[in-house]
Amino acid sequence: MTAPSLEIVNLSVAFGSDRARVQAVDNAGFRVAPGESFGIIGESGSGKSTILRAISGLNDEYDGSVLIDGRAAPRPRNKAFFKNVQMVFQDPYSSLHPRRMIRATLMEPLEIHRFDRRDERIAQALSDVGLAPEFAYRYPHQLSGGQRQRVAVARALLLEPRIMLLDEPTSALDVSVQAGVLNLLNTLRLSRGLTYVMVSHDLRVIAHMCSRIAVMTQGRIVEELSADDLRSQNAEQDYTRELITASRVALAAE
Amino acid sequence: MSEPLLEVKNLRVAYPSAHGYSDALRGISFALGREKLGIVGESGSGKSTAGRAVMRLLPPKARVTADAMQLSGVDLLNASERKMRDIRGGRIAMVLQDPRYALNPLKTVESQIVESCRIHTRASRSEARDRALAMLEDVRIRDPQRVARLYPHELSGGMGQRVMIAMMLIPSPELVIADEPTSALDVTVRGQILDILNERVEAQGAGLIFISHDLPLVGDFCDRVLVMYGGQVMEELAAHELARATHPYTRALNASLPPLDRRVEELIVPEHDPEWLSERRA
Ligand SMILES: Nc1ncnc2c1ncn2[C@@H]1O[C@H](COP(=O)(O)OP(=O)(O)OP(=O)(O)O)[C@@H](O)[C@H]1O
Ligand SMILES: Nc1ncnc2c1ncn2[C@@H]1O[C@H](COP(=O)(O)OP(=O)(O)OP(=O)(O)O)[C@@H](O)[C@H]1O
Ligand SMILES: [Mg+2]
Ligand SMILES: [Mg+2]
């Protein structure tokens with residue numbers, strides 16, 4: 001394997017103390033090659049978002065290491081890191097300032113990183129996710145759930161990062177709009193060699209988007225499989241089999 | 001169907017925009033009995049707006065008209081705000097999309113559930129507390145004691161959804177409006193949450209409006225489905241017919257699902273036919 005674009009080694013994150021202590025991530029590790037798309041699936045509350053938040057530095061109280069191109073990510077993360085690595089949060093509201101127009105929210109990173117043709121880039125990013133340019137002049141609460149989520153995706157794409165951390169990026173989208181966004185992400189990955197780590201509960205989305213997939217329960221990565229393993233129900237762990245079977249039942253109902 | 005639980009006729013909602021008002025709902029009608037009604041449709045087609053209109057939770061500047069909006073015996077269009085405060089969270093409960101945002105950020109999970117329970121039932125503080133913990137366990141929260149003391153931003157996405165569901169179900173509402181209630185849940189937990197919702201309908205005779213973009217799930221779980229596009233209902237059909245729907249928009253939706261059993265290079269993005277919008281349905 002070529003040198004990984006992103007690697008986490010023995011990553012552990014705990015919250016709270018004494019009786020309220022929880023080991024949200026317990027010694028997790030994976031490597032993602034440049035241009036690869038890596039998936040994380042698993043139980044609700046098993047630590048998937050916590051891993052992404054540790055990589056992005058939103059929470060830098062972790063043990064273990066986060067390596068970008070083989071080098072430890074700086075703590076706290078710096079401007080150069082965010083030029084390279086962007087995250088789409090599970091809750092679109094968390095990347096949108098409630099009292100700022102969408103345009104201001106999208107403008108800010110472009111200014112910080114001194115991009116040119118800012119208005120043009122904003123209009124393009126919105127149109128890429130299927131939103132008309134007028135949406136730039138709305139506040140977050142004036143959007144539907146799926147429109148907010150698309151703005152969050154557009155925001156992460158604006159800086160043309162090399163690595164994208166995608167936490168349920170299409171969970172609020174109907175399947176037709178989802179198809180457009182997933183196609184866009186795939187096209188960008190192939191044309192620019194982007195690297196993705198993607199979390200989703202939707203095994204269809206994960207199988208379509210990712211080549212390798214980690215399965216989590218209770219803070220631990222219990223196994224890693226390929227998209228083909230997922231499709232052919234070839235899993236070692238009972239929990240993974242249960243997940244796949246439950247998704248298949250829904251499939252059979254069609 | 002006997003006397004419906006909820007009846008909505010020709011509901012229209014417009015939001016103020018830069019140039020006058022823009023329509024979010026363009027005359028939708030439906031009736032709900034003691035059953036599970038799914039609403040699917042395009043992002044921005046007005047699904048959440050419809051749910052919020054029934055709850056009378058739209059922003060004050062939104063323009064709302066309807067020929068009727070009735071909850072068995074109550075005229076929801078003209079009920080006083082005071083009366084609505086009783087109904088909201090009591091007779092009708094809505095599980096909002098983005099639950100972690102909808103919860104009060106400054107209060108723990110436990111204090112919010114206890115508060116909502118005490119407003120709508122006669123429970124004492126300690127009774128309410130016991131019910132809150134029992135309900136968290138019912139929605140499959142591991143370690144309810146710990147989670148009860150967390151603030152909304154300390155919950156995972158799926159825990160937020162389950163906390164909101166727990167909070168909304170405690171007062172045993174007659175009508176539950178659930179807006180994407182399971183989008184952040186893994187399939188195994190999701191199945192258990194659906195069982196709880198189903199139990200409310202089958203055993204307690206509640207009505208459920210289930211807003212979701214997951215077509216296979218809706219087809220499997222609900223009794224009937226409304227398919228929405230551009231603020232209108234495109235078609236209404238029995239849930240088990242969803243995969244064989246005839247309306248071109250619904251068929252386009254089915255076609256753009258990523259397949260689980262084989263690999264495809266690109267997903268099908270439907271072409272939108274302007275006809276769909278001009279079409280007026282009774
Ligand atoms: N700031 C925090 N304080 C306390 N506990 C936290 C905090 N953030 C996360 N946790 C806990 O860490 C655990 C893992 O949460 P995480 O959000 O990573 O789950 P997840 O796998 O993303 O779940 P979901 O699929 O439901 O989004 C949960 O038990 C959660 O309550
Ligand atoms: N407060 C508001 N002010 C102006 N426009 C609004 C407001 N709230 C919603 N809208 C617009 O009304 C339309 C319907 O929104 P709604 O939230 O009902 O859609 P939805 O069907 O729930 O979509 P999604 O599946 O993306 O959640 C959208 O185009 C949205 O941008
Ligand atoms: Mg999460
Ligand atoms: Mg909505």
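Q: How many residue pairs are in polar contact between chain A and chain B?
A: The model is predicted. The count is 14 residue pairs, with both residues at pLDDT 80 or more. By class, the side of chain A that touches chain B has 19 nonpolar, 17 polar and 13 charged residues.

Q: What makes Arg142(B) and Glu43(A) a salt bridge?
A: The cut-off is 4 Å between a side-chain nitrogen of Lys or Arg and a carboxyl oxygen of Asp or Glu. The closest N and O atoms of Arg142(B) and Glu43(A) are 2.7 Å apart. The pair therefore meets the rule. Across the interface of chain A and chain B, the rule finds three salt bridges.

Q: What is the buried area between chain A and chain B?
A: About 4100 Å², with 55% of it on carbon and sulfur atoms. Val175(A), Arg204(A) and His208(A) supply 15% of the area that chain A buries against chain B, more than any other three residues. The contact takes 49 residues from chain A and 45 residues from chain B.

Q: Why is Phe210(B) called buried?
A: Buried means under 20% relative accessible area. Phe210(B) has 0%, so the label applies.

Q: Where is Phe210(B), and which residues does Phe210(B) touch?
A: Phe210(B) is in strand β9 of chain B, residues 207-211. Not counting residues up to four places away in sequence, the residues touched include Leu37(B), Ile39(B), Pro181(B), Leu197(B) and Phe221(B).

Note on methods. Residues are numbered from 1 along each chain as its sequence is written. Chains are lettered from A and ligands numbered from 1 in the order in which they are written. This is a predicted model: local features need pLDDT of at least 70, side-chain atom pairs count only at pLDDT 80 or more; totals for chains, interfaces and linings use all residues. Side-chain values use heavy atoms; hydrogens and water are left out. Helices (H or I, at least four residues) and strands (E, at least two) are DSSP runs, numbered from the N terminus. Buried means under 20% relative accessible area, exposed over 50%, partly exposed in between (1.4 Å probe, protein chains only). Contact means heavy atoms within 4.5 Å. Buried area is the accessible area (1.4 Å probe) that two parts lose on being put together, summed over both. A polar contact is a pair of N or O atoms within 3.5 Å; within protein, one must be able to donate a hydrogen and the other to accept it, and residues adjacent in sequence count only if both atoms are side-chain atoms. Ala, Val, Leu, Ile, Met, Phe, Trp, Tyr, Cys and Pro count as nonpolar, Asp, Glu, Lys and Arg as charged, and the others, Gly among them, as polar.
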